[in-house]
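Reader: I'm new to this one. Could you walk me through how to read it?

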Amino acid sequence: MTQVIAITGKGGTGKTAIAALLIRYLTKGNKVVLAIDADPDSNLPETLGCEAEKGIGDMKEFMLKERDNLPPDINKESIFESKIYEVLAEMPRYDLLVMGRPEGSGCYCYANNLLRGIMDRLVKNYDVVIIDTAAGLEHFSRKIIRDVDDLIVVTDGSRRGLRTGERIRELVGELEANVRNIYVVANKVTDANKSTIIETAKELELELIGTVEVDEMIQERDLVGSPLFDLPDDSVAVQEVENIAKKLKL
Ligand SMILES: Nc1ncnc2c1ncn2[C@@H]1O[C@H](COP(=O)(O)OP(=O)(O)O)[C@@H](O)[C@H]1O
Ligand SMILES: [Mg+2]
């Protein structure tokens, strides 16, 4: 069975950083891993230290453009599927798929309907799928990924931030996506606010599975623009994400 983990939360809270560190953890083990960058403002590849030239968005455009030019007897789903495999980047320890550009003004229902079936099949090839999402849950409502085992809401340490976790729990209830567990990770926590965060999460009945401290090593990498994937084992964020990964049974 594939374990699908989606990471959501407001912009700038650290979704991509947490996704990259979960992937980093997984590459030390034997699981077959797919990373999906589902944020149109894509930066997961950069954070992982790799590149992806094209994304699913480009292939959707291709399908919309070519749809009427393809011979009627050809199986369009298998053409689209081969296009998706074309943009699947194979790294030594994981595969990477970038959603890429946001949808234009055309109607994407046709492409999205095909994509759902393709993604269902693709995901089954992996032990773990880690999805770095944009703020908001649009792709869930479009149901490109239908089943999510663990939805991780990354928040900053503020009470308002934790309220996002509460809101997302409500939102998931309204969506048709199948989400098994919802967890909260408080990121960029400091000694000063850690205990308040733990109390607030309890009060809001949010399952807090990790508190990641402000990590100087991350800040240093931000300054020079180098990937977080190469953080050393003794980075505080690496260590805490390892604890989170164990709680997720990764
Ligand atoms: N624990 C942390 N300590 C210090 N800086 C962090 C931490 N987590 C994330 N950051 C930094 O915060 C910024 C936003 O993180 P990012 O993962 O890009 O957020 P998001 O994907 O939610 O928009 C980045 O510059 C990132 O390096
Ligand atoms: Mg991001």
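Author: Tyr94 has 6% relative accessibility, so Tyr94 counts as buried. Buried means under 20% relative accessible area, exposed means over 50%, and partly exposed is in between, using a 1.4 Å probe and protein chains only. Keep in mind that this is a predicted model, where local features need pLDDT of at least 70, side-chain atom pairs count only at pLDDT 80 or more, and totals for chains, interfaces and linings use all residues. Residues are numbered from 1 along each chain as its sequence is written, chains are lettered from A and ligands numbered from 1 in the order in which they are written, and side-chain values use heavy atoms, with hydrogens and water left out.

Reader: How many aromatic pairs does a search of the whole structure find?

Author: Rings of Phe, Tyr and Trp (its six-membered ring) pair if their centres lie within 6.5 Å; planes under 30 degrees apart count as stacked, over 60 as edge-to-face and the rest as tilted. Here the search turns up one pair. Tyr94 and Phe229 make a tilted pair, 5.9 Å centre to centre with 55 degrees between the planes. Tyr94 sits in the loop between β3 (89-90) and β4, and Phe229 in the loop between α9 (216-224) and α10, so the pair ties together parts 135 residues apart in sequence. Helices (H or I, at least four residues) and strands (E, at least two) are DSSP runs, numbered from the N terminus. Phe229 is buried too, with a relative accessible area of 17%.

Reader: Which residues are buried in helix α3?

Author: First, the general idea. An α-helix has 3.6 residues a turn, so residues three or four places apart point the same way. In α3 (residues 56-66), the buried ones are Ile56, Gly57, Met59, Lys60 and Met63. They cover an arc of only 160 degrees around the axis, which puts them on the same side of α3. That arc is taken from the directions from the helix axis to the C-beta atoms.

Reader: And what do the buried residues of α3 pack against?

Author: Contact means heavy atoms within 4.5 Å. The buried residues of α3 pack against α4 (76-86), β4 (95-98) and α5.

Reader: What does Glu240 touch?

Author: Not counting residues up to four places away in sequence, Glu240 touches Gly210, Thr211 and Val212. Glu240 lies in helix α10 (residues 236-247), while Thr211 is in strand β8 (residues 208-213).
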